[in-house]
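Let's take a friendly walk through a protein model. Have a look at the fold first, and then we will go through a few places together.

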Amino acid sequence: MNVYDFDGTIYDGDSSIDYYWYCLKHHPTIIFKLPEFLWHILLYKRKIINKTQLKESYFSFLKYIPNVETEVVLFWDNHIGKIKKWYKQQQQLDDVIISASPFFLIDEACQRLGIKYIIASDVDPRTGKFNSPNCHDEQKVVYFKQQFPDVKIDKFYSDSLNDIPMARLADKAYLVKGEAVRIWKRQ
């Protein structure tokens, strides 16, 4: 089984940021949430709030999108072409995507790609609140082992050194930069 991070790894960019810009274009009033988010960035950098609180502030714009599910479908109509070619060339039926991005956002892309196994952050698409811990760093390992307790990872792919905990579970790990994929030395 091969496991892939999503944003920056098989998707060229950050889908959460791209989705915000897409929504801003179609629902310009969400711009009024930006100052609050910028304030939360400052609080995060000063270690007053944690990453999940920061991301909840970011995703709070969802409260002002009338039909998030429809917008997600329309978003992927325009952005599915950002899936990287190298991934499409090696995709297998048992691939797993594991991502800090919200499940409600990347599920549509994965369905279009025929990816059955998705582990992602459980974010309420109506409020932007996290229903469980953010799926990043060590938490990815926890979620993976919950869903696949006895499965060995053949290959793991990511664009981020934050994914070292997942890389350590794999027989082989790869760092991705753009379309370049290289062996990840995990000392």
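Predicted model: local features only at pLDDT ≥ 70, side-chain atom pairs only at ≥ 80, totals over all residues.

Residues are numbered from 1 along each chain as its sequence is written, and side-chain values use heavy atoms, leaving out hydrogens and water.

Two packed helices are described by the angle between their axes and the distance between the axes. Find helix H4 (residues 68–79) and helix H6 (residues 103–113): their axes come within 9 Å and cross at roughly 45°. Helices here are DSSP runs of at least four residues, and axes are lines fitted to C-alpha atoms over the stretch in contact, with angles from 0 to 180 degrees between N-to-C directions. H4 and H6 are therefore oblique to each other; angles under 35 degrees count as roughly parallel, over 145 as roughly antiparallel, 65 to 115 as roughly perpendicular and the rest as oblique. Their contact (heavy atoms within 4.5 Å) involves Val68, Val72, Val73, Phe75, Trp76 and Asp77 of H4, together with Phe104, Leu105, Glu108, Ala109 and Arg112 of H6.

Next, is Ser158 buried or exposed? Ser158 is buried, as its relative accessible area is 0%; buried means under 20%, exposed over 50% and partly exposed in between, using a 1.4 Å probe and protein chains only. Leaving aside residues up to four places away in sequence, Ser158 touches several others, including Asp5, Tyr174 and Trp184.

Finally, His26 in helix H1 (residues 15–26) is partly exposed, with a relative accessible area of 40%. The C-alpha atoms of His26 and Ile65 are separated by 9.3 Å, although the two residues are 39 apart along the chain.

Terms used. Helix = DSSP H or I, 4+ residues; strand = E, 2+ residues; numbered from the N terminus.
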